[in-house]
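Student: I have a new structure to read, and I want to know what stands behind each label. Can we go through it by question and answer?

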Amino acid sequence: MKGMSEREYAAHSGLSRGGVQKARKNGRLVVFDDGSINAAASDVRRAEMTDPDQQRRSLGGEGLASGPGDTTSYIKARTALTVYAAQERQLAVQKKKGALVDRARAETLVFRLARQERDAWVTWPGRVAALMAAQIMAEVERQSGASVTIETAILQRVLEAHVREQLDALADLRVSLG
């Protein structure tokens, strides 16, 4: 016998005996005429023909390969692709569950809500000025016994001025969804 047996080559290469048989079947091993394995030539052929990532996993390694056949860029690219695909699947699941919303739609809804609130405040003094004037006149009369008159139009203008001032201050606020 000139070379190694399958068991000997399995121990030499760190592969299982089944892995050696599979490599032999796929032509990744160099065998002598008597069927024994040429270890040195087989190691070279396996290195050339085997996917670096697959080879690293078959040897049980987790670290990055290095040396003349440096595969770090391949491994990094493959890892990045895997991470991207996982993130894409996660986003699809979140979207189906309703946990994600369309950004443009959310911005439109926030703008619409702010516009409705602003419109409600702009019209508020006109709706409450007469009621407030009546309540103030009643309270002053109850406390002092004297009858007073508060012009509804004046109260409305004062309220509008203060509401506009407040809305101007709120206009500086910006919503950031990103």
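Student: What is the accessible surface of the chain, and what share belongs to carbon and sulfur atoms?
Tutor: The model is predicted. Its chain has an accessible surface of about 13400 Å². Carbon and sulfur atoms hold 55% of that.

Student: How many helices and strands does the chain have?
Tutor: There are seven helices and zero strands. Read from the N terminus, the order is α-α-α-α-α-α-α.

Student: What share of the chain is buried?
Tutor: Of the 178 residues, 16% are buried. The label needs a relative accessible area under 20%.

Student: Why is S42 called buried?
Tutor: Its relative accessibility is 0%. The cut-off for buried is under 20%. Therefore S42 counts as buried. The residue sits in helix α3, residues 39–49.

Student: Which residues touch S42, leaving aside its neighbours within four places in sequence?
Tutor: S42 is in contact with Y9, R28, L29, V30 and I37. Three of these names, Y9, L29 and I37, come back in the largest nonpolar core.

Student: What makes that set of residues a nonpolar core?
Tutor: The members must be buried, of the listed nonpolar kinds, and joined through side-chain atoms within 4.5 Å. Eight residues form the largest such set: Y9, A10, L15, V20, A23, L29, I37 and A39. Helices α1 and α2 (17–25) each give two or more residues to this core.

Student: Why is S5 called partly exposed?
Tutor: S5 has a relative accessible area of 25%. Buried means under 20%, exposed means over 50%, and partly exposed is in between. The value falls in between, so S5 is partly exposed. S5 lies in the segment before α1 (6–13).

Student: How far apart are S5 and A39 in sequence and in space?
Tutor: They are 34 residues apart in sequence. From C-alpha to C-alpha, the distance is 9.6 Å.

Student: Why does S147 count as exposed?
Tutor: S147 has 64% relative accessibility. Exposed means over 50%. The value passes that cut-off, so S147 is exposed. Its place is the loop between α6 and α7.

Student: How do you know where empty space is left?
Tutor: A probe the size of a water molecule is rolled over the atoms, and this shows the empty space. Here the largest pocket has a volume of about 680 Å³. It is lined by 18 residues, and A114, R115, L170, A171 and L173 are the closest to its centre.

Student: Which elements give two or more residues to that lining?
Tutor: They are α6 (103–144) and α7 (152–171). The largest share, nine residues, comes from α6.

Student: How many residues of the lining are nonpolar, polar or charged?
Tutor: Eleven are nonpolar, none is polar and seven are charged.

Technical notes: Residues numbered from 1 in each chain as written. Predicted model: local features only at pLDDT ≥ 70, side-chain atom pairs only at ≥ 80, totals over all residues. Heavy atoms only, no water. Helix = DSSP H or I, 4+ residues; strand = E, 2+ residues; numbered from the N terminus. Buried < 20%, exposed > 50% of the residue type's maximum accessible area, 1.4 Å probe, protein only. Areas by Shrake-Rupley, 256 points an atom, 1.4 Å probe, with all protein chains shown as cover. 1 Å grid on protein atoms, 1.4 Å probe; cavity = no way out; pocket = protein on both sides within 12 Å on 5 of 7 lines; lining within 4 Å. Points joined across faces, edges and corners; volume = space filled by probe spheres on them. Nonpolar A, V, L, I, M, F, W, Y, C, P; charged D, E, K, R; others polar. Contact = heavy atoms within 4.5 Å.
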